[in-house]
Amino acid sequence: MSVPQLTLRAARNLHLAAQGLLVKPRRRPKPADVIAAIDRMSLLQIDTINIVARSPYLVLFSRLGHFPQTWLDDALLNGDLMEYWAHEACFLPRKDFSLIRHRMLNPEKMGWKYRPEWMVEHAEEIEKLLVHIENNGPVRSADFEHPRKGSSGWWEWKPHKKHLEGLFTAGKVMVIERRNFQRVYDLTSRVMPHWNDDLHLIQQQDAELQMLENSARSLGIFRPEWLADYYRLKKISLKPLLTQWQDKGSAIPVSVEGIGEMWLHSDLFPLLTKAEQNTLRATHTAVLSPFDPVVWDRKRAEVLFNFSYRLECYTPAEKRRYGYFVLPLLHQGEIVGRVDAKMHRKSAVLEIISLYLEDGVKPNQSLIKGLHTAFTDFAHWQGATQIRLGNIPALFASSWGEGWEINPENA
């Protein structure tokens with residue numbers, strides 16, 4: 001069979017289809033859509049920065065539209081989701097506990113996430129903590145006082161926080177809910193009472209094969225070197241696996257304009273004809289999180305979308321090029337720019353500090369209208385009643401003025 005030939009636009013649109021970002025949602029979301037979206041992405045990265053919406057909620061909003069953020073919290077509390085180190089700290093379907101369990105049983109391989117010397121040095125305290133949880137129920141690190149008042153920063157974590165993080169990485173405790181986005185921990189034996197490592201454990205090699213399959217499905221179209229990053233895998237031999245996938249019809253090679261050989265997962269085969277004819281249309285305009293799977297692999301985003309991104313919140317202010325927490329902007333299959341924004345919750349104002357377009361992107365009426373709608377929806381979802389504009393391109397300023405009010409009936 002001949003290798004399908006695809007334009008770069010078609011490849012982008014196939015990837016966005018796999019991620020649930022090809023078209024704007026056609027109906028109001030339901031609670032089950034949160035689980036479905038995470039299952040589609042395989043995992044949802046967690047980050048705590050709250051200058052606008054926290055990342056996991058924003059990633060879901062980009063795909064689902066206006067949904068109550070409590071739905072994600074409820075999914076964790078109800079046991080549909082779990083937390084663990086996947087790409088980084090992530091929400092993932094609870095059914096994937098068996099897939100990730102081998103990492104818990106070998107925490108020494110988890111790098112900075114687990115400090116064996118700390119766990120040995122404080123073994124007696126840690127055992128007392130486990131007994132406390134068993135007898136008194138779930139805990140937060142906030143339930144314990146810091147021995148040094150006024151200490152802050154990750155290097156000054158109080159001992160009980162370090163204990164709980166070590167126990168979490170080692171799979172002795174699990175996060176059962178978040179209160180004000182703070183982790184609440186309970187014993188794994190109580191959360192998963194029917195789990196048996198001897199009966200249910202998926203061995204590392206088999207688990208990693210399944211992780212690669214998940215990565216391929218969630219990316220939709222991919223270069224082999226992109227797969228391992230999705231779950232942070234190392235030392236993976238991909239050539240025999242790709243041959244195996246091709247033989248069983250799980251993936252096929254395709255040729256993409258400007259990139260060369262890529263692979264297409266079987267879940268996207270129904271869209272292949274449209275992609276080959278270059279009639280697969282992207283209609284969605286959305287504000288993306290820096291930790292969205294579409295852009296979290298910076299090299300992949302550069303190859304597929306010609307989008308170079310660097311998170312600057314840890315860069316001194318005077319050295320930042322774009323801003324503290326800059327959000328990529330997706331419009332009809334392209335990443336067209338980025339926005340530095342801040343949500344002022346007390347005054348219910350979303351401030352667009354700066355808006356930047358990528359080189360070569362022309363601010364036509366489709367883009368101006370698409371971003372206006374995207375910002376309005378984004379602001380309304382966060383409870384803003386007004387959008388205030390700062391440094392934006394002239395054509396946007398002439399259309400939008402200095403900002404606009406949010407009418408909930410039209411948002």
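With 411 residues, a compact globule would have a radius of gyration near 22 Å, and the protein's 23 Å agrees with that; the radius is taken over C-alpha atoms, and the globule rule is 2.2 Å times the number of residues to the power 0.38. This is a predicted model, so local features need pLDDT of at least 70, side-chain atom pairs count only at pLDDT 80 or more, and totals for chains, interfaces and linings use all residues. Residues are numbered from 1 along each chain as its sequence is written, and side-chain values use heavy atoms, with hydrogens and water left out.

Stay zoomed out for a moment. Along the principal axes, the C-alpha atoms fill a box of roughly 65 × 60 × 40 Å. Colour by secondary structure and you have 17 helices and 15 strands, which are DSSP runs numbered from the N terminus (helices H or I, at least four residues; strands E, at least two). Buried residues make up 53% of the 411, where buried means under 20% relative accessible area, exposed over 50% and partly exposed in between (1.4 Å probe, protein chains only).

Now select helix α4, residues 70–77, and show its side chains: Trp 71, Leu 72, Ala 75 and Leu 76 are buried. Look down the axis of α4 and these buried residues fall within an arc of 140°, so they line one face of the helix; the arc is that of the directions from the helix axis to the C-beta atoms. Just after α4, click Gly 79, with its positive phi of about 90°.

Next, go to Asn 180, in the loop between β5 and β6 (182–187). Its phi is near 55°, a positive value in a residue other than glycine. Asn 180 is exposed, with a relative accessible area of 73%.

Asn 278 sits in the loop between α14 (272–276) and β10. Here too phi is positive, near 60°, but Asn 278 is partly exposed, at 25% relative accessible area.

Follow the chain into β10 and bring up its sheet: 6 strands, open, in the order β10-β11-β12-β13-β14-β15, with mixed pairing. Two strands pair if DSSP finds at least two bridges between them. β10 (285–287) and β15 (403–405) stand at the edges, each with a single partner strand, so one side of each has no neighbour in the sheet.

For a last stop, select β10 with β11 (326–331): the two run antiparallel, joined by 3 bridges. Val 287 stands opposite Leu 329 in β11.
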